[in-house]
Amino acid sequence: MKVLITDKINEKAADIVRGAAEPVILPTMSEEELCGVIGEYDALLVRSQTKVTDKIIKAGKNLKIIGRAGVGVDNIDLNSATEHGIIVVNSPDGNTHAAAEHTVALMLSMARNIPDAVISTKTGNWDRAKFTGVEVFGKTLGVIGFGKIGQHVARTALALGMNLVVLDPYTTKEFVEKFGGKYIENLDEFWGLPDFITLHTPKTPETTHLINEKTIAKMKDGVRIINCARGGIIDENALKAALETGKVASCAIDVFEDEKNIQDCVLREFGKNVLLTPHLGASTSEAQINVALDVAEQVKEVLSGGNATSAVNIPSLKPQKLEPVKDYMSIAENIAQMASQISKGNLKDIEIEVKGTLADLDVSALEVAILKGVLSNNLVGVNYVNAPLIAKNRGISVTVKKSHQTTDYIGSITVKLNSDKGKTEISGAMIAEQIKRIVKLNDYNTSIKPERFMLLVPHVNKPGMIAAVATVLGGDNVNISRMQVVQKSGKQTSVNEKSMMIINTDNEVSPDTLDKISKIDGIYDAQFVNLNV
């Protein structure tokens, strides 16, 4: 395998990925140049200079993972990567301290007019009165986006004696209050509270021009704004107008709507009340090394068969969500794959039910595993990245039900596939640490280990049935590794009742062998299952 490293990523990244693949370091290329070479690589590592477009992704026929050495991934076509089953990872924590420190530095510099005071003093002037500033002590800092960077800024602000208000739909009131701030639920309530506003949110359709003419009008007179997040969250023309009227007293901006043409930025014409820096948030020696090492480790892990820790296009598999349910991932995929293989007709929808301790957890990761198991039966190239998108595009609805109902197991998962020809239902559970079992198959209770080759043989419960099936398998050189005969739930074993043999075999059962078994008198619709275990 080969990994392409570009955009002057720290050379230590190459040393890390070398453990799993051959690293190749090339300078930043144009779209056309990259399309010409990307087909031979299994992974791509970039910073912000390279725009990983749909065209590049389509040309990367062997790509498994794209790593962005930094926080933002707006230079990568996430929809295209997801559609093609390519994991996209970033380094959300590698530049946390650098970005937070730059935010605080800009806030204090803006409050005390430091940059202009420095220039004035160096020219031989002594204009103390001209550069009178404001204190941050006792002022209210409004933080939009309370991830790790926002939290680090907030922690510093609290140490400086500031009050804190937080707006973030992905955190909780309890967490913010425990942190020492006030949680604000909606924007309209938020805007009028802060003396300083700092942004720490990604640029999305919802956050583009979040600060605009209308929202600025709702702010305090003389508010001060800092943006070290992403360009485009602020409408620069609206900010310019507010600076001219004094509605916004000053701003400190590190990121811009059009950074390639910074000479056209309308904020450049302002003097001491506007601080502009050239996207320096992550520009420390330590941060550049940290983000490079972080994404390189993830690329190495994925190419070695492991999981990424910061996959932006499979959020359900982030460590905080995966860790509590990771032991159930494989059994969830196994029972879904089995259900898909034995189900008949056209799939209409999927029902998932979790019981026991799983009912208290976020099971979105298990949902992804189940979708992968169901879809991979009939489609090539399905993985954890693209399974939800494929299901959505095919109109397959998924419902998840949670139940605290007492069962024989600490936690169990049931997959129900509803088709135009009926329902298929299979349950799985962990009966002990690292011991997974299929515990129900439609109307039959069982406890059998999921293995690669499994033969399901519904039959009349009468003498000679097991021997007849074993004779056919033996005659076709198919070895039985284990077998279980099960009855329908709640029924006592009796002659002529319908039972099922569940047989694990050491090798594949051919269609001819399966046909011979199906022709045995008393056998109903024998099916062979091939699982990815």
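A cavity here is a set of grid points where a 1.4 Å probe fits but cannot get out, whereas a pocket is an open set. The structure described is a predicted model. By this rule, the count comes to one cavity of 30 Å³ or more.

**Cavity and pocket**

The largest cavity has a volume of about 40 Å³. Its lining is made up of Asn-227, Gly-231, Gly-232, Ile-234, Glu-236, Ile-253, Val-255, Phe-256 and Glu-257. By class, these residues divide into four nonpolar, three polar and two charged.

The second largest pocket has a volume of about 460 Å³. It is lined by 23 residues, and those closest to its centre are Lys-64, Gly-85, Ile-87, Val-302 and Asn-383. Twelve nonpolar, seven polar and four charged residues make up the lining of this pocket.

**The five-stranded sheet**

Five strands form an open sheet with parallel pairing, in the order S2-S1-S3-S4-S5. Strands S2 (22-25) and S5 (87-89) are the edge strands, and each pairs on one side only. From one strand to the next, the twist averages 15 degrees. Strand S1 (residues 2-5) runs parallel to S2 and is joined to S2 by four bridges. Within this pairing, Val-3 has Pro-23 in S2 as its bridge partner.

**The seven-stranded sheet**

A further open sheet is formed by seven strands in the order S8-S7-S6-S9-S10-S11-S12, also with parallel pairing. Strand S8 (182-183) and strand S12 (274-276) each have a single partner strand, so one side of each is left without a neighbour in the sheet. Strand S7 (residues 163-167) pairs with S8 in the parallel sense over two bridges, and Val-166 stands opposite Tyr-183 in S8.

Helix H7 (residues 148-159) packs on this sheet and touches strand S6 (140-144), S7 and strand S9 (196-199). The direction of H7 makes about 175 degrees with that of S6.

The strand pairs described above compare as follows.

| Strand pair | Sense | Bridges |
|---|---|---|
| S1 (residues 2-5) and S2 | parallel | four bridges |
| S7 (residues 163-167) and S8 | parallel | two bridges |

**Aromatic pairs**

The structure holds five aromatic pairs. One of them is formed by Phe-146 and Phe-179, with 5.0 Å centre to centre and 80 degrees between the planes. Planes over 60 degrees apart count as edge-to-face, and the pair is therefore edge-to-face at 80 degrees. Phe-146 lies in the loop between S6 and H7, and Phe-179 lies in helix H8 (residues 173-179). The two are 33 residues apart, and the pair links distant parts of the chain.

Technical notes: Residues are numbered from 1 along each chain as its sequence is written. This is a predicted model: local features need pLDDT of at least 70, side-chain atom pairs count only at pLDDT 80 or more; totals for chains, interfaces and linings use all residues. Side-chain values use heavy atoms; hydrogens and water are left out. On a 1 Å grid over the protein atoms alone, a cavity is a set of points where a 1.4 Å probe fits but cannot get out, and a pocket is an open set with protein on both sides within 12 Å along at least five of seven lines; lining residues have an atom within 4 Å of a point. Grid points are joined across faces, edges and corners, and a volume is the space filled by probe spheres set on the points. Ala, Val, Leu, Ile, Met, Phe, Trp, Tyr, Cys and Pro count as nonpolar, Asp, Glu, Lys and Arg as charged, and the others, Gly among them, as polar. Two strands pair if DSSP finds at least two bridges between them. Contact means heavy atoms within 4.5 Å. Axes are lines fitted to C-alpha atoms, for helices over the stretch in contact, and angles run from 0 to 180 degrees between N-to-C directions. Rings of Phe, Tyr and Trp (its six-membered ring) pair if their centres lie within 6.5 Å; planes under 30 degrees apart count as stacked, over 60 as edge-to-face and the rest as tilted.
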